[in-house]
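Here is a quick briefing to read alongside the chain.

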Amino acid sequence: MRAGFSLFKSTAFSLLLIVLVCVTVLVWAWQRTPLLTAFLPPNSLLQLSSEAKDKQPILTVGRNGTAETSAGLVEAEVRPDQKIETNLKTDVQITEFASPELSENTNSSTGKKQYNENVTMHMDDQGCNYGKGKWVLDNSRPLYSGFHCNPWLSHMWACRLMQRKDFAYEKLRWQPKNCQMEDFEVSKFLERMRDKTLAFVGDSLGRQQFQSLMCMLTGGKKSHNVIDVGKEYGLVIPHGGTRPNGWAYRFSSTNTTVIYYWSSCLCDLEPINTTNPATDYAMHLDRPPGFLRQFLHKLDVLVLNTGHHWNRGKLKANRWVMYMGGMPNTNRRLAMIGAAKNFTIHRIVSWVNSQLPKHPHLKAFYRSISPRHFVNGDWNTGGSCDNTTPMSIGKEVLQDESSDYSAGNAVKGTGVKLLDITALSQLRDEGHISHYSIRATKGVHDCLHWCLPGVPDTWNEILFAHISSTPVINS
């Protein structure tokens, strides 16, 4: 009996020893293996500094897209009573119409691949994560005058020409965390882009980035060094139109060309019946804009963006009809605005990526979405953005991944780089046009577009940093 009891004690002691060894190994492995942290609960997407945690903003990166009015304002991405919090957990899946280059996950039961918006995007380990950092005061700002940039800056975005009295928003500079971002200098930019062409292709936020860069490069002043070359790219005012589909300017001193082309949906648009002025337009979700197909070989730096025009109201107002494979779309899943937008973003990025081997000189970027800051309603339901105090909702971004899931997932595994500006712009609710106007007329608030000088200048500084960190490849 004693022998059996002793054997039991010995066996129990051995098992206990084995358990202790296993636990020790697991704890050591957990500390040594960063990948295991993937099983931890996710943190908030927008991590603010400690002094601002109790005022975390609500991300407005919506699922439904928006519509721009004739006044330049944008319809809600979400319902007025709906909030999109910083810990979004909604998955958007594209199954039936997802092409292999757009897929991220495979459904083992159906064999179809799925796109999941909740996948975490990590930045290039070899470079600086310029989207992570903080806003700091800098009295040397702004980089140009909002009074005098008349040749390039639209008056509706020049807040210095309006009745606004506070301009503290002009005195902030973005400072990346744990890395140095080279200061923007006109001479360095132009020399870096000598004999090269940079093109912005996207919506009105892309146009703001273009106008910002033109003001930065000229100091907001007219110059005989800058030549209008829009005709070379077909950017002329069409018959009966009020403005061209874009602009192109060349700096003769370095033969540097800067272009903006309007393509709010980043897909090809063509009239269905060319003989009918009131015809609908085919919105080819699987086809890149004709401008890119025609002129991509001439570009050295390309910046794409879309997002705020994906809305039923916008499609109806513009008479856009979704097409796939040259035919009206019949896929019910793809008919959903959010799914169509994500599909198109993936498709345009995939197409540009497929062209990179043919154009090794091309550096391509997809710019993440610019956030909106409507509160207590939307642009047409009394929404506003009256804050004028910089950094009142936070000044620091601590996250490593992008807050724009569609953009982050689209560029993942491609040669197209992410120009991530969403989270850092989210902190700048005081930088919008708001209710100000040139004639001091009362109207709806513009909590989408930015005052210039302002936040889009930082987007261009980050773009310059990306360009400067890339080896020069002569065309």
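S154 sits in the loop between β3 (133-137) and β4 (172-176); helices (H or I, at least four residues) and strands (E, at least two) are DSSP runs, numbered from the N terminus. Keep in mind that this is a predicted model: local features need pLDDT of at least 70, side-chain atom pairs count only at pLDDT 80 or more, and totals for chains, interfaces and linings use all residues. Residues are numbered from 1 along each chain as its sequence is written, and side-chain values use heavy atoms, with hydrogens and water left out.

- S154 counts as buried, at 12% relative accessibility (buried means under 20% relative accessible area, exposed over 50%, partly exposed in between, with a 1.4 Å probe and protein chains only).
- Leaving aside residues up to four places away in sequence, S154 touches R207 and Q211 (contact means heavy atoms within 4.5 Å).
- The side chains of S154 and R207 are joined by a polar contact of 3.0 Å (a pair of N or O atoms within 3.5 Å; within protein, one must be able to donate a hydrogen and the other to accept it, and residues adjacent in sequence count only if both atoms are side-chain atoms).

**Helix α3 and F210**
- F210 is part of helix α3 (residues 204-218), and it is buried, with a relative accessible area of 4%.
- Not counting residues up to four places away in sequence, F210 touches F200, W247, Y249, V258, I259 and Y260.
- F210 and V303 are 93 residues apart along the chain, yet 9.9 Å separates their C-alpha atoms.

**The sheet**
- Seven strands make an open, mixed sheet in the order β6-β7-β8-β5-β11-β14-β16 (two strands pair if DSSP finds at least two bridges between them).
- β6 (226-228) and β16 (417-419) are at the edges with a single partner strand each, so one side of each has no neighbour in the sheet.
- β7 (residues 246-251) and β8 (residues 256-262) pair in the antiparallel sense over six bridges, and A248 has I259 in β8 as its bridge partner.

**The cores**
- The largest nonpolar core has 56 residues, and F189, L198, F200 and L463 have the most contacts inside it (such a core is a set of buried Ala, Val, Leu, Ile, Met, Phe, Trp, Tyr and Cys residues joined through side-chain atoms within 4.5 Å).
- Apart from that core lies another, of 30 residues, with I259, L266, L299 and L356 among them.
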